[in-house]
Amino acid sequence: MNKYKIRQKLEHEIIRAADGELSATEIQELELKLEAYPELKQDYINITELPELSGIYSQYQFESSEVKSGVSQILNRIKILEQSRNGFADVSVHWFKRYALAASVLFLALTSGFYFSQSNSNDAEFTVEELLYPMDDSDGETYVLYLEQLFEE
């Protein structure tokens, strides 16, 4: 067994000793093994000589029924808050998105239908091309003409 694995095993036994899992003979064997590892022995001594802290907490002990009732009250308040927040807000946002999408599609369909019904052309493909690429550049030329006159002055 290499030195690293032995050290790991000793560290594990120190933890078990601190938790009170080792018998008296096992603790004596551990202390003998720790003679070869002075830094681990010092850690073992420091861990086993910790002061007893249970006396400090004795004055702050609560009845378990008090703690359980307090925790249950907090959990009930959290549930009520979650239900009230998720109920109306989530449903209203969900339905608003659906109706907004339906309204925008309907608006697009109506305006497109109105535009195509106003043009006297029966060729819908030509009408779409005219919409995207206008043949009559008079409005664009007039705008450019106004800009040229503005910069000449």
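Visitor: At what angle do helix α1 (residues 3–18) and helix α3 (residues 38–48) pack, and how are they oriented to each other?
Guide: In this predicted model, the axes of α1 and α3 lie 10 Å apart, an axis being a line fitted to C-alpha atoms over the stretch in contact, with angles running from 0 to 180 degrees between N-to-C directions. Helices here are DSSP runs (H or I, at least four residues), numbered from the N terminus. Angles under 35 degrees count as roughly parallel, and the angle between α1 and α3 is about 10°, so the two helices are roughly parallel.

Visitor: Which residues of α3 make the contact with α1?
Guide: Contact means heavy atoms within 4.5 Å. From α1 come Arg7, Leu10, Glu11, Ile14, Ala17 and Ala18, and their counterparts in α3 are Glu39, Leu40, Tyr44 and Ile47.

Visitor: How are residues numbered, and which side-chain atom pairs count?
Guide: Residues are numbered from 1 along each chain as its sequence is written, and side-chain values use heavy atoms, with hydrogens and water left out. Local features of this predicted model need pLDDT of at least 70, totals for chains, interfaces and linings use all residues, and side-chain atom pairs count only at pLDDT 80 or more.

Visitor: What does Arg7 form with Glu11, and how far apart are the N and O atoms?
Guide: Glu11 and Arg7 both lie in helix α1, 4 residues apart, which is about one turn of the helix. Their side chains meet in a salt bridge, with an N to O distance of 3.5 Å.

Visitor: What is the distance between the closest N and O atoms of Glu21 and Arg16, and which residues are joined into one network?
Guide: Glu21 and Arg16 form a salt bridge whose closest N and O atoms are 3.3 Å apart. Salt bridges that share partners make one network of Arg7, Glu11 and Glu39.

Note on methods:
Parallel < 35°, antiparallel > 145°, perpendicular 65-115°, else oblique. Salt bridge = Lys/Arg side-chain N within 4 Å of Asp/Glu carboxyl O.
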